[in-house]
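Have the structure open beside you as you read.

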Amino acid sequence: MSKLQDQKKNIIILTVLAVLIAVVAVFGFGNRTRTTAPQGEMMNMPGMMDLIIPSAGAEGVTDAAQQSDAPVPEVTPVPELNGRVLVSLSGSGQYGWLPVYKEGEYVYPIVQTDKDGNMYENRVHVTSDSVWMEYSTCENQDCVGEGVVTFENKETRILGNFIICLPNQVTLELFTEDEVQAMYSQSGADQ
């Protein structure tokens, strides 16, 4: 097969995947629960990076100056980010960020239950420069077989920065921290 035919084939595959993702995002899949997180609330998933720090005066929160005798807790530095993985659950409309720290490796479980009580699980493995689907309860295991997305290969992979589990309706996208900051600044949204 010539390079031109390969490129055309890749474009067709990407187009079909984009249409499938759009259909799943709009209509959902099967009989999954279609509830969404309330406005302004983050998806309840381990490792999400949105930190909510209440201000002094909020219920149960006092200014440190008012507690002169109270011991000051030791502050643990927040690890430096190298990027983030956007996790989208198209069946429920929820999404959130997983951190890509400059050091260490982490595995994040994503567990969903539909209205019939069926459980779906994906495990996302994140290193300082990559992400892959380590495990999935889906039958076809295509998402596990899609391999590793890295900061270096995401521009040349057929699926780009995506890893997609269609049966469990989980989509992963790897972004550098600079790309995330650019998205927020373009949209005018806060992180």
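Which residue in β6 is the bridge partner of V131? The partner is V149. This is a predicted model, in which local features need pLDDT of at least 70 and side-chain atom pairs count only at pLDDT 80 or more, while totals for chains, interfaces and linings use all residues. Residues are numbered from 1 along each chain as its sequence is written, and side-chain values use heavy atoms, with hydrogens and water left out.

Stay with that pair for a moment. V131 and V149 are bridge partners between β5 (residues 130-136) and β6, two antiparallel strands joined by two bridges. Helices (H or I, at least four residues) and strands (E, at least two) are DSSP runs, numbered from the N terminus, and two strands pair if DSSP finds at least two bridges between them. Zoom out, and β5 and β6 belong to an open sheet of four strands, ordered β3-β4-β5-β6, with antiparallel pairing. At its edges stand β3 (106-113) and β6 (149-150); each has a single partner strand, so one side of each is left without a neighbour in the sheet.

Now turn to the other sheet. Here four strands make an open sheet in the order β2-β1-β8-β7, again with antiparallel pairing. Its edge strands, β2 (94-101) and β7 (162-165), each pair on one side only. From one strand to the next, the twist averages 20°; axes are lines fitted to C-alpha atoms, for helices over the stretch in contact, and angles run from 0 to 180 degrees between N-to-C directions.

Let's cross this sheet strand by strand. β1 (residues 81-89) is linked to antiparallel β2 by eight bridges, and L81 stands opposite Y101 in β2. Towards β8, β1 has seven bridges, also antiparallel; there L86 has E173 as its bridge partner. Four bridges then join β8 to antiparallel β7, with I164 opposite T171 in β8. The hairpin of β7 and β8 has four residues between the strands, and in it Q169 takes a positive phi near 60°.

What lies across this sheet? Helix α3 (residues 177-187) lies across β1, β2 and β8 (170-176), running at about 100° to β8. As for β8, the strand is mostly covered: six of its seven residues are buried, where buried means under 20% relative accessible area, exposed over 50%, and partly exposed in between (1.4 Å probe, protein chains only).

How values were computed:
Contact = heavy atoms within 4.5 Å.
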